[in-house]
Amino acid sequence: MSELSPLPEPASTDDGGETPAARKRPKPGERRVQILQALAAMLEQPGAERITTAALAARLSVSEAALYRHFASKAQMFEGLIDFIEQTVFTLVQQITGRDVPDPDQSAEVGTRQAARIVALLLQFGERNPGMVRVMVGDALVFEHERLQQRMNQFFDRIESTLRQCLRPAVAGSATPTVDAQVAASVLTAFAVGRLQRYARSGFKRMPSEHLEASLALIL
């Protein structure tokens with residue numbers, strides 16, 4: 001997770017039997033970040049579809065009660081990861097489009113290029129954050145509250161909506177421009193989700209961006 005601090009090394013103890021050095025107390029908010037960082041790292045491991053709070057606490061060398069001082073439930077921990085995904089991806093999308101909503105008056109070439117870049121950034125985000133991919137494709141949410149999966153569904157709906165707006169100028173001359181833009185955006189979104197699913201189910205061996213330029217050339 002590129003914006004979350006790495007976990008600190010455990011405090012060392014002296015083999016000579018002297019009093020261990022006092023553990024440094026995390027700064028406000030730092031423990032929450034550490035919990036999310038550890039959860040994301042655990043999601044990168046094989047068989048990580050269901051992670052218990054006991055295993056997460058053990059990884060951090062804290063009690064389960066300590067986790068619940070920062071998150072009311074495991075669902076809230078996953079919501080923290082989803083927040084990170086949404087904020088990171090849509091901040092980058094806005095940098096590509098230059099605004100919250102793509103300009104409907106831009107040229108077809110610019111809109112098509114923006115759509116390709118949005119798909120590329122989504123797949124590159126997945127490559128850099130493998131644990132997040134299990135959340136994005138729903139593998140890590142199977143045994144969690146259904147509202148978490150609904151949030152990820154809404155995330156991809158928003159991606160599709162943005163792609164549709166980018167592609168409208170490219171189909172402006174069509175007899176059915178709205179439908180054509182919707183179909184193209186749906187195909188691109190399905191392609192991106194499929195690549196992320198393959199990445200997760202290959203044990204993070206098949207890169208989402210594999211032959212990406214050639215693949216997008218076929219679609220666009």
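At what angle do helix 7 and helix 8 pack, and how far apart are their axes? This is a predicted model, in which local features need pLDDT of at least 70 and side-chain atom pairs count only at pLDDT 80 or more, while totals for chains, interfaces and linings use all residues. Residues are numbered from 1 along each chain as its sequence is written, and side-chain values use heavy atoms, with hydrogens and water left out.

To take up the question, helix 7 (residues 146-167) and helix 8 (residues 177-201) pack at about 135 degrees, and their axes are 8 Å apart. Axes here are lines fitted to C-alpha atoms, for helices over the stretch in contact, and angles run from 0 to 180 degrees between N-to-C directions. The angle makes helix 7 oblique to helix 8; angles under 35 degrees count as roughly parallel, over 145 as roughly antiparallel, 65 to 115 as roughly perpendicular and the rest as oblique. On the side of helix 7 the contact is made by F156, I159, E160, L163, R164 and L167, and on the side of helix 8 by A181, Q182, A184, A185, S186, L188, T189, V193 and L196. Contact means heavy atoms within 4.5 Å. By class, this contact of helix 7 with helix 8 holds 10 nonpolar, three polar and two charged residues, where Ala, Val, Leu, Ile, Met, Phe, Trp, Tyr, Cys and Pro count as nonpolar, Asp, Glu, Lys and Arg as charged, and the others, Gly among them, as polar.

Helix 7 also packs against helix 5 (residues 108-128), at an angle of about 155 degrees and with the axes 7 Å apart. Helix 5 and helix 7 are therefore roughly antiparallel to each other. Helix 5 contributes G111, T112, Q114, A115, I118, V119 and L122 to the contact, and helix 7 contributes F155, F156, I159, T162, L163, C166 and L167. The contact of helix 5 with helix 7 has 10 nonpolar, four polar and no charged residues.

These helices belong to a chain with nine helices and zero strands, which reads α-α-α-α-α-α-α-α-α along the sequence. Helices (H or I, at least four residues) and strands (E, at least two) are DSSP runs, numbered from the N terminus. Of the 220 residues of the protein chain, 44% count as buried, that is, under 20% relative accessible area, with exposed over 50% and partly exposed in between (1.4 Å probe, protein chains only). Among contacts in the protein chain with a separation of 6 or more, 69% join residues 24 or more positions apart.

The expected span is 1.5 Å times one less than the number of residues. Helix 1 is mostly covered, with 11 of its 14 residues buried; among them are I35, L36, L39 and L43. The cover of these buried residues includes helix 2, helix 3, helix 4 and helix 6.

Helix 1 (residues 30-43) packs on helix 2 (residues 53-60) at about 115 degrees, with the axes 10 Å apart. The two, helix 1 and helix 2, are therefore roughly perpendicular to each other, and helix 1 passes helix 2 in a right-handed crossing. In this contact R31, Q34, I35, A38, L39, A41 and M42 of helix 1 meet A55, L56, R59 and L60 of helix 2. The residues divide into eight nonpolar, one polar and two charged.

Helix 4 (residues 74-97) has 24 residues and reaches 35 Å, close to the 34 Å expected at 1.5 Å a residue. Just after helix 4, G98 takes a positive phi of about 80 degrees.

Which residues other than glycine take a positive phi? S61, in the loop between helix 2 and helix 3 (64-68), has a phi of about 60 degrees. F204, in the loop between helix 8 and helix 9 (212-219), has a phi near 65 degrees. F204 is buried, with a relative accessible area of 14%.

In the loop between helix 6 (130-136) and helix 7 lies V142, which counts as exposed at 57% relative accessibility. V142 and R50 are 92 residues apart in sequence and 8.1 Å apart in space, C-alpha to C-alpha.

Notes
A crossing is left-handed if the near helix is turned anticlockwise from the far one by less than a right angle, and right-handed if clockwise.
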